[in-house]
Amino acid sequence: MICVASHRFDIARQGYVSLLDGRSTPHRSDTAAMVAARRRVHESGLFDPVVRAVADASGTPTDRAGTSDRPPLVLDAGAGTGRYLAGALAGSDAWWGIGLDLSKYCARAVARVHPRAAAVVADIWRPLPIRTASVGVVLSVFSPRNIDEFARVLHSGGVLVVVTPNADHLAEIVGPMDMLGIAEDKDQRLRTALGDRFEITAEHEVRHRADLDATAIGDLVAMGPSAFHRTADEIRSAAEAVTHGSGRSAVSVSVSVSVTVCRPTPPGPLTAE
């Protein structure tokens, strides 16, 4: 790839391009083991209702011919394995996608997840390597939110889709598995972050329950930030203790998230000086 300043960036043989600028970052990126665990969780279908809700909120399934005034490009910022990006692209042959993540292992997964998805390694907290107003949909699913940059790259007719966990998300295993809890003020924090750049146009919750065995519970922990602080053996032992403690081979676990749809705030009226 060649930018307008004639800088060249090689495309890795795994199909992604790294656009990191060489500066160090304080943020950790997902490891190969974390990405493998996340892929197994998605392949189990546990988050399929969330994937469908994100696709519906993006509006791509209803715009199969790409007839809207927004660019037919989806940016998944913090794409992980790219499962949500692939779900959004599946609804219409007219849409293309970019999955952006700090982890090269995530980028490798995104490069394989859909034929119309490109994979980019970049830091969400820095200026995004995306042209201004060139994106029709921005997805932020369980990931950091660089609101100012989202507002810059998003077309005025586009939408921002944010997915956040509710207080009862995975509640049955959060304590026993020593996972990170959900902040009580998460909703207010989102509204504060959106500020005057976006207005919320729709909100709804996705809830369901599933019976999970020790392996599935272990994968849920291993795919998230808790994996940075515990070994695979520690996670496995804790998951087995949870299921054995229930007296059954599986534990009923809640999936509970909020899907928030936002649009860029229209510019205010010009006033004469």
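This is a predicted model: local features need pLDDT of at least 70, side-chain atom pairs count only at pLDDT 80 or more; totals for chains, interfaces and linings use all residues.
Residues are numbered from 1 along each chain as its sequence is written, and side-chain values use heavy atoms, with hydrogens and water left out.

Now the helices. Two packed helices are described by the angle between their axes and the distance between the axes. The axes are lines fitted to C-alpha atoms, for helices over the stretch in contact, and the angles run from 0 to 180 degrees between N-to-C directions.

Met 34, Ala 37, Arg 40 and Val 41 of α1 touch Asp 219, Leu 220 and Ala 222 of α8, where contact means heavy atoms within 4.5 Å. By class, that contact has five nonpolar, no polar and two charged residues (Ala, Val, Leu, Ile, Met, Phe, Trp, Tyr, Cys and Pro count as nonpolar, Asp, Glu, Lys and Arg as charged, and the others, Gly among them, as polar).

Helix α1 also packs with helix α4 (residues 104-113), at an angle of about 40° and with the axes 8 Å apart. That makes α1 oblique to α4. Here Ala 32, Val 35, Arg 38 and Arg 39 in α1 meet Tyr 105, Cys 106, Ala 109 and Arg 112 in α4, a set of five nonpolar, no polar and three charged residues.

Back to α8 (residues 214-222): its packing with α9 (residues 232-245) has an angle of about 135° and axes 8 Å apart. The two are therefore oblique to each other. Ala 214, Ile 217, Gly 218, Val 221 and Ala 222 in α8 meet Ile 235, Ala 239, Glu 240, Val 242 and Thr 243 in α9. Those residues divide into seven nonpolar, two polar and one charged.

Finally, look for the rings. The structure holds one aromatic pair: Phe 47 and Phe 142, edge-to-face, 6.3 Å centre to centre with 65° between the planes. (Rings of Phe, Tyr and Trp, using its six-membered ring, pair if their centres lie within 6.5 Å; planes under 30 degrees apart are stacked, over 60 edge-to-face, and the rest tilted.) Phe 47 sits in the loop between α1 and α2, Phe 142 in the loop between β5 and α5, and the two are 95 residues apart.

Key
Helices (H or I, at least four residues) and strands (E, at least two) are DSSP runs, numbered from the N terminus. Angles under 35 degrees count as roughly parallel, over 145 as roughly antiparallel, 65 to 115 as roughly perpendicular and the rest as oblique.
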